[in-house]
Amino acid sequence: MRFRTLTLAAASGTALLAAGLLPAHASAASPKSAQEGTVSAADLLAKVTSCSQISNGKYKTDDETSATVPVCGKNGAVFWKADMDIDCDGQRTTNCNEDRDPWYQDDTAFHQSDGKPLKAETLPYVVVPSTSSIWNYSSAGIKGGGVVAVIYNNKVEYAVVGDTGPTKIIGEASYATAKALGIDPDPATGGTDSGVTYILFKNSQASPIESHSAAVTLGDKLAKQFLANN
């Protein structure tokens with residue numbers, strides 16, 4: 001869980017990234033694969049062009065923005081379209097620690113099978129808003145370890161539900177998720193302001209939660225079901 005605001009540093013970092021002026025090590029990393037699974041980004045996006053809102057209101061993408069993002073319902077899934085802030089919480093690693101992340105916390109809402117917090121630098125995971133009057137993720141069939149298809153720039157990355165965030169803000173994923181999608185994963189200045197679609201498959205759970213390959217295998221299966229049922 002983290003509580004962050006959009007800073008001038010983050011805004012300027014995004015501007016520099018867009019202009020191609022950041023140093024090579026700070027620019028968007030090459031994704032480890034352009035496509036995970038066999039279902040294309042285009043096919044998934046074609047199923048989420050319209051929103052049947054299931055949330056009691058909408059979310060902000062940052063503290064300073066207006067509430068414009070609803071949680072939408074589909075057969076077998078929920079989805080939203082938002083930005084991506086970078087979550088570096090959990091186990092301390094080279095790029096996820098107090099020195100690299102001003103909002104760093106050493107725990108995650110959901111834990112590995114050995115009881116340790118998740119590892120944001122290496123595990124693709126998504127943050128869901130904590131339960132509030134706006135929306136209760138668990139009542140919608142979403143649980144820790146639930147599989148998520150994260151889509152950006154015509155790429156699909158499978159992740160798990162790994163952490164919870166502020167009750168009024170949406171649009172956050174782990175360092176590893178961003179890196180795989182070619183989004184700057186820097187926890188202080190990275191992320192992207194828009195263009196990310198999150199499709200969360202109901203009543204799903206990758207086991208163990210820390211196994212990315214398990215999430216990809218199950219995600220591909222659920223994505224095919226999602227296309228068939230919507």
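**View 1. D186 and R100 meet through their side chains in a salt bridge, 3.6 Å from N to O.** A salt bridge here is a side-chain nitrogen of Lys or Arg within 4 Å of a carboxyl oxygen of Asp or Glu. D186 sits in the loop between α3 (175-180) and β7 (192-201), and R100 in the loop between β2 and β3, so this pair ties together parts that are 86 residues apart in sequence. D186 counts as buried, at 18% relative accessibility, while R100 is partly exposed at 31%. For those labels, buried is under 20% relative accessible area, exposed is over 50%, and partly exposed is in between (1.4 Å probe, protein chains only). Helices (H or I, at least four residues) and strands (E, at least two) are DSSP runs, numbered from the N terminus.

A word on the model: it's a predicted one, so local features need pLDDT of at least 70 and side-chain atom pairs count only at pLDDT 80 or more, while totals for chains, interfaces and linings use all residues. Residues are numbered from 1 along each chain as its sequence is written, and side-chain values use heavy atoms, with hydrogens and water left out.

**View 2. D106 and R92 form a salt bridge, with their closest N and O atoms 3.8 Å apart.** Both D106 and R92 lie in the loop between β2 (77-87) and β3, so the pair ties together parts that are 14 residues apart in sequence. D106 is partly exposed, at 43% relative accessibility.

**View 3. In helix α4 (residues 212-229), D220 and K224 are four residues apart.** That puts about one helical turn between D220 and K224, and their side chains meet in a salt bridge (3.6 Å, N to O). D220 counts as buried at 12% relative accessibility; K224, at 45%, is partly exposed. Across the whole structure, a search finds four salt bridges.

**View 4. Strand β3 (residues 125-129) is mostly covered, with five of its five residues buried.** In a regular strand the side chains alternate between the two faces of the sheet. Y125, V127 and P129 are buried on one side of β3, and V126 and V128 are buried on the other.

**View 5. β3 pairs with strand β5 (residues 155-165) in the parallel sense, over five bridges.** Strands pair if DSSP finds at least two bridges between them. β3 also pairs with strand β6 (residues 172-174), here in the antiparallel sense over two bridges. Take V127 as a landmark: its bridge partner in β5 is D163, and in β6 it is E172.
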